[in-house]
Amino acid sequence: MISDKNGKHNGSKVSEPAWVRYLLLAAALGFLALFLLLPLAALFAQALDKGWEAYLAALHEPDTLSAIGLTLLTAGLCVPINLFFGMVAAWAIAKFSFPGKSLLITLIDLPFSVSPVVSGLIYVLIFGLQGWLGPWLQDRDIHIIFAVPGIVLATVFVTCPFVARELIPLMESQGRDEEEAALTLGASGLQTFFRVTFPNIKWGVLYGVILCNARAMGEFGAVSVVSGHVRGSTNTIPLQVEILYNEYNYQAAFAVASLLALLALVTLALKTVAEWKIQQDRSVTENER
Amino acid sequence: MSIGIEGVNKNFGAFAALSNVNLQVPSGELVALLGPSGSGKTSLLRIIAGLEMPDSGRILFDGEDATRRQVQERKVGFVFQHYALFRHMTVFDNIAFGLTVKPKKSRPAKEEIRDKVYTLLKLIQLEQLSDRYPGQLSGGQRQRVALARALAVEPQLLLLDEPFGALDARVRLELRRWLRRLHDEIHVTSVFVTHDQEEALEVADRIVVMNQGRIEQQGTPSEVYDRPATPFVYDFLGNVNLFQGRVHEGTAPQGGMEHSSPEHTTTSDCPAVGYVRTHDIEIERLPLDPSSIEAEVRYILAVGLLVRVNLALAGGDGAVEVDLSREVAGRLKLSVGDKVFARPRQVRVFTDDYQI
């Protein structure tokens, strides 16, 4: 963020002359416009190229509707699973010390450091026909790879760090004092969690959920490996965009892609609000010390 | 409620926080656990509260074993150094918390809770701030809210962990006097942890001096101040001068002086250290008796009620700090470089097997 206030305040002390500062500012804004705003504008322009009706028609196409439904289902399952896992893991890491704690932190970060393609392949190797459990699953007619469960599993794996990663530093900075105070006042473990711990981390939780959701809906690599690209059945929005694009159906591809772009904008707005609220809570914490 | 602590040990990894601690706190007393950081005083307090478990030993409440009791069952009020107020709750909700989390059948009615909270708000003189959040209060106000919150559940025992440690000097002074008055009113058995000797001496009925996980001495404030049992207590409470020397059959020649040491009549020629309080040294212009030693004034510092004089002993045997009253200092009219004679009024000799 560029702060006018600071800029003016330091103006007389900064050694660079005004034209250098404006040049830097112009360069930064120009870069943003060229690489972020221009593509975004192009995307919407392409999507609406043949008019509003064609845009809506592209979205109403049955395969696209099915892709939207699958994406919503995947996110709807992944977010609660990772919300639960993230809160439990962050609670354990931030409030207790136990052997293997740093290993757990490293493991939580693993999906960030592994390529999404590999994340998808892991599941193919386990559940695929040639995988460890493949024959066993086939005997029982259970489909995981090239089916919805595989997509959900791969997405859970890829999005698992988001909530935990956000909450660990937040909970560590808040310490255990308030929980201990609640316990000495006679509150049970659950009362302590819902009345003391959760209200202190709710904005952090929201932040994690937003990022987790954005990634769950937008994930391409891992899902692409396990999905099998069955139209109207195992295609998520990003996969549907790819298919439409490969069929030279640019307008429809961009129309569907615009949904992801809109999701990104909403995510950005919510994220800013959550960040602002966390910052507020943080400054209260510091104030109290 | 009385507290009994029997043979409590606590280790954090290789660090021994408490080694075989035994202590009795009679009902209704206000006791200070005094010691430097790392002496185990906070660990002991947290073990009494049930926030930590001892590795071995027992905690007795009114003679009953409470070692395995959960924190929630112990009915203690705990006040934290950094207040630990619930930051997203108002002052009112903070104080009411302990009452609102009670199980339904023992929970007081809404009006009852409100009356109780307002009574406590009156006690801490913050009635008009009931709608504020902790972040909007000053440190002293927050600590009073924390105290009211602890008192709301009518604890059998009040435990305070460095309750005034994070406050500035003036507020600290005010609040500790308030705590003393409060205790005289409600008489709940209280234990507070402090590293501030002045605070312990002023507030407590009894002081327990701790060092390296052990209790060095316990007694009334005047007992521990006037008759320190160990060199550590001498050093930790009040200002003290050390004279290195030896002790032989009841006399100890040290730094050009010779004092009698009745405790050591049977000791023969053993290294020893003499402890003299800074206000237990007289300064005169002329030698009064053979125990006076010659010295030179190095610097003079007027600190509040006292004038601190730093002397270099003749023969280069180190420096001595002396606290004089303004009156005496005025009479002596000392200035830097003056030759004077110093004479200790009271010396306590410890042989070297005592280690600080």
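## A walk through chains A and B

With 26 C-beta neighbours inside 10 Å, Y83(B) counts as buried, where buried means 20 or more other C-beta atoms within 10 Å of a residue's own, exposed means 12 or fewer, partly exposed lies in between, and C-beta atoms are placed from the backbone. Select Y83(B) to begin, and you will be in the loop between β6 and α2 of chain B. Helices (H or I, at least four residues) and strands (E, at least two) are DSSP runs, numbered from the N terminus.

Before moving on, please note that this is a predicted model, in which local features need pLDDT of at least 70 and side-chain atom pairs count only at pLDDT 80 or more, while totals for chains, interfaces and linings use all residues. Residues are numbered from 1 along each chain as its sequence is written, and chains are lettered from A and ligands numbered from 1 in the order in which they are written.

**Stop 1: two backbone spots in chain B**

Stay on Y83(B) and check its backbone: phi is near 70°, a positive value in a residue other than glycine. Most residues other than glycine have a negative phi.

Now select E162(B), in the loop between β7 (157–161) and α5 (169–186) of chain B. What is the phi of E162(B) near? The value is near 45°, again positive in a residue other than glycine. E162(B) is buried, with 20 other C-beta atoms within 10 Å.

**Stop 2: helix α2 of chain B and its neighbours**

Select residues 91–100 of chain B, which form helix α2, together with residues 139–152, which form helix α4. The two pack at an angle of about 25°, with their axes 7 Å apart; axes are lines fitted to C-alpha atoms, for helices over the stretch in contact, and angles run from 0 to 180 degrees between N-to-C directions. That makes α2(B) roughly parallel to α4(B) (under 35 degrees is roughly parallel, over 145 roughly antiparallel, 65 to 115 roughly perpendicular, and the rest oblique). The crossing of α2(B) past α4(B) is right-handed, a term for the near helix being turned clockwise from the far one by less than a right angle, with anticlockwise giving left-handed.

To see the contact, show V91(B), N94(B), I95(B), A96(B), F97(B), G98(B) and L99(B) on α2(B). Residues are in contact if their C-beta atoms, placed from the backbone, lie within 7 Å. This set divides into eight nonpolar, two polar and one charged; Ala, Val, Leu, Ile, Met, Phe, Trp, Tyr, Cys and Pro count as nonpolar, Asp, Glu, Lys and Arg as charged, and the others, Gly among them, as polar.

Keep α2(B) on screen and bring in helix α3 of chain B, residues 110–123. Here the axes come within 10 Å and cross at roughly 130°, which makes α2(B) oblique to α3(B). This crossing is right-handed too.

Which residues make the contact of α2(B) with α3(B)? From α2(B), pick F92(B), I95(B), A96(B), L99(B) and T100(B); from α3(B), pick I113(B), K116(B), V117(B) and L120(B). They divide into seven nonpolar, one polar and one charged.

**Stop 3: where the chains touch**

Show both chains: 21 residues of chain B are in contact with 19 residues of chain A. On the side of chain B that touches chain A, β6 (76–79) and α2 each supply at least two residues. That side divides into 13 nonpolar, five polar and three charged residues.

**Stop 4: helix α8 of chain A**

Select residues 148–159 of chain A for helix α8. Its 12 residues reach 16 Å from first C-alpha to last, close to the 16 Å expected at 1.5 Å a residue (1.5 Å times one less than the number of residues).

Is α8(A) mostly covered or uncovered? It is mostly covered, with 10 of its 12 residues buried. Among them are G150(A), I151(A), L153(A), F157(A) and T159(A). To find their packing partners, colour α4 (62–95), α5 (101–113), α6 (116–127), α9 (161–174), α11 (189–218) and α12 (221–227) of chain A.

**Last stop: zoom out**

Chain A has 14 helices and zero strands. Its C-alpha atoms fill a box of roughly 60 × 60 × 30 Å along the principal axes, and 34% of its 289 residues count as buried.

Chain B has nine helices and 20 strands. Its C-alpha trace spans about 80 × 45 × 35 Å along the principal axes, and buried residues make up 41% of its 356 residues.

Definitions and conventions:
Two residues are in contact if their C-beta atoms, placed from the backbone, lie within 7 Å.
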